[in-house]
Amino acid sequence: MIEHKILFTGTVGAGKTTAIQAVSEIPTVCTDVISSDLTIGKKMTTVALDYGEVSLGQSERLRLYGTPGQARFSFMWDVLAKGALGLIILVDHTHPDPLKDLNLYLQHFARLIKETACVVAISKMDKSRPPPLQEFIGLLHKNHMANPVIAADVRDKEQVLWILDLLLAQMEVRV
Amino acid sequence: MNTVANDSNEYPSQLVNEELRNKARLLLQVLVEKFGGAGVNNAVISTTDGFDIAVESMSKEDGTKLSALSSSISAIGHMAVKEVGTGEHHQSILIEGENGYLLIMDIPYPGCPLTMSITATKEAMLGKLIYYARQLVSKMSEA
């Protein structure tokens, strides 16, 4: 059995906890607490980590870790990034400046992205609203990154599995 | 799905009012004074999602940082207590470094759970620290 550690990060409310719960085969471990921050628009928020597991066929198992979204928990980002073989960045499209949000994670995890694999998934995307997907791709190019950028509904197990497939495809190319 | 007990429909930020801040500030002052400068350096009371509501003997900036740190550690503590079957909530977490301690305690304030963090040097008597910290928690937990 080959095991990989995969890390989910990204904006608060983008669906990191939801994505891990959608695909995990074990009851997820989660550290949600009541949010006292009215600006994030939800009642619960992750303050330490999420954990779930999913197996792919007979030979591979993914250990899924999720980070808190807020930058004040960036010390947890570094703790959780240790040993990760791939990064999934979820960006909430309904936030005021999702490009700026994405840039924060691209900068912070630049080394992990360059050394391992990364997929950027835009959640809650309404195609009639700017910015279009192309601008997120452009931002990656500006950072000399060529990782896949997709729109996804992370409540849907199939779509989260698809994101994981995209990530694993990059990992296989590197091997 | 995870659950955290919250009977109230109010957001905690509406419960974090000036009265609660003052009470927290006063209790922290009393605790630090008990040690008269010998050993207990800093103390902060925060919401469980890591925002400081009262900071004692440290800069606002350091209080903000310690609040975020303690909220993560505290959440892991709650998770650990459940996983190993020793309860639903941790009551205290003690982290010992070469030169001192970080003591984190859960404050089950009704509708708005809080976390207290105290840093102390090895000069501080640990038993005394835990005793007064528990006293503070019980006073602070009263609505």
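**Exercise 1. At what angle do the axes of helix α2 (residues 18-34) of chain B and α4(B) cross, and within what distance do they come?**

Solution. The model is predicted: local features need pLDDT of at least 70, side-chain atom pairs count only at pLDDT 80 or more, and totals for chains, interfaces and linings use all residues. Residues are numbered from 1 along each chain as its sequence is written, while chains are lettered from A and ligands numbered from 1 in the order in which they are written.

Step 1. Helices (H or I, at least four residues) and strands (E, at least two) are DSSP runs, numbered from the N terminus. Axes are lines fitted to C-alpha atoms, for helices over the stretch in contact, and angles run from 0 to 180 degrees between N-to-C directions.

Step 2. The α2(B) and α4(B) axes cross at roughly 165° and come within 10 Å. α2(B) is therefore roughly antiparallel to α4(B); angles under 35 degrees count as roughly parallel, over 145 as roughly antiparallel, 65 to 115 as roughly perpendicular and the rest as oblique.

Step 3. The crossing of α2(B) and α4(B) is right-handed. A crossing has this hand if the near helix is turned clockwise from the far one by less than a right angle, and is left-handed if anticlockwise.

Step 4. From α2(B), the contact takes Ala24(B), Leu27(B), Leu31(B) and Lys34(B); from α4(B), Tyr132(B), Ala133(B), Leu136(B), Lys139(B) and Met140(B). Residues are in contact if their C-beta atoms, placed from the backbone, lie within 7 Å.

Step 5. By class, this contact of α2(B) with α4(B) has seven nonpolar, no polar and two charged residues. Ala, Val, Leu, Ile, Met, Phe, Trp, Tyr, Cys and Pro count as nonpolar, Asp, Glu, Lys and Arg as charged, and the others, Gly among them, as polar.

**Exercise 2. Give the strand order of the open sheet in chain B and place the helices that pack on it.**

Solution. Step 1. The order of the five strands is β2-β1-β5-β4-β3 (chain B), and the pairing is antiparallel. Two strands pair if DSSP finds at least two bridges between them.

Step 2. β2 (52-56) and β3 (92-96) of chain B are at the edges with a single partner strand each, so one side of each has no neighbour in the sheet. From one strand to the next, the twist averages 10°.

Step 3. Seven bridges pair β1 (residues 40-47) with β5 (residues 114-121) of chain B in the antiparallel sense. Val44(B) has Ser117(B) as its bridge partner in β5(B).

Step 4. Helix α3 (residues 60-83) of chain B packs on the sheet and touches β1, β2, β3, β4 (100-107) and β5 of chain B, its direction making about 65° with that of β1(B). Helix α4 (residues 126-141) of chain B also packs on the sheet, touching β1, β4 and β5 of chain B, at about 25° to the direction of β4(B).

**Exercise 3. Describe the fold of chain A and its sheet.**

Solution. Step 1. Chain A has six helices and seven strands, in the sequence pattern β-α-β-β-β-α-β-α-α-β-α-β-α.

Step 2. Its open sheet has seven strands in the order β2-β3-β4-β1-β5-β6-β7 (chain A), with mixed pairing. The edge strands β2 and β7 (149-151) of chain A each pair on one side only, and the twist averages 20° from one strand to the next.

Step 3. Strands β1 (residues 2-10) and β4 (residues 60-66) of chain A run parallel, joined by seven bridges. The bridge partner of Lys5(A) in β4(A) is Arg63(A).

Step 4. Helix α1 (residues 16-23) of chain A packs on the sheet, touching β1, β2, β3, β4 and β5 (86-92) of chain A, and its direction makes about 30° with that of β3(A). α5(A) lies across β6 (118-123) and β7 of chain A, at about 155° to β7(A).

**Exercise 4. Which residues make the contact of α3(A) with α5(A)?**

Solution. Step 1. Helix α3 (residues 98-108) and helix α5 (residues 133-142) of chain A pack at about 30°, their axes 10 Å apart. α3(A) is therefore roughly parallel to α5(A).

Step 2. Leu99(A), Leu102(A) and Asn103(A) of α3(A) meet Glu135(A), Phe136(A) and Leu139(A) of α5(A). The classes are four nonpolar, one polar and one charged.

**Exercise 5. How many residues does each chain give to the contact between chain A and chain B?**

Solution. Step 1. Chain A gives 18 residues and chain B gives 20 residues.

Step 2. On the side of chain A, β2 (29-34), β3 (44-56) and α2 (74-81) each supply at least two residues. β2(A) gives the most, with six residues.

Step 3. That side of chain A divides into 11 nonpolar, four polar and three charged residues.

Note on methods: Contact = placed C-beta atoms within 7 Å.
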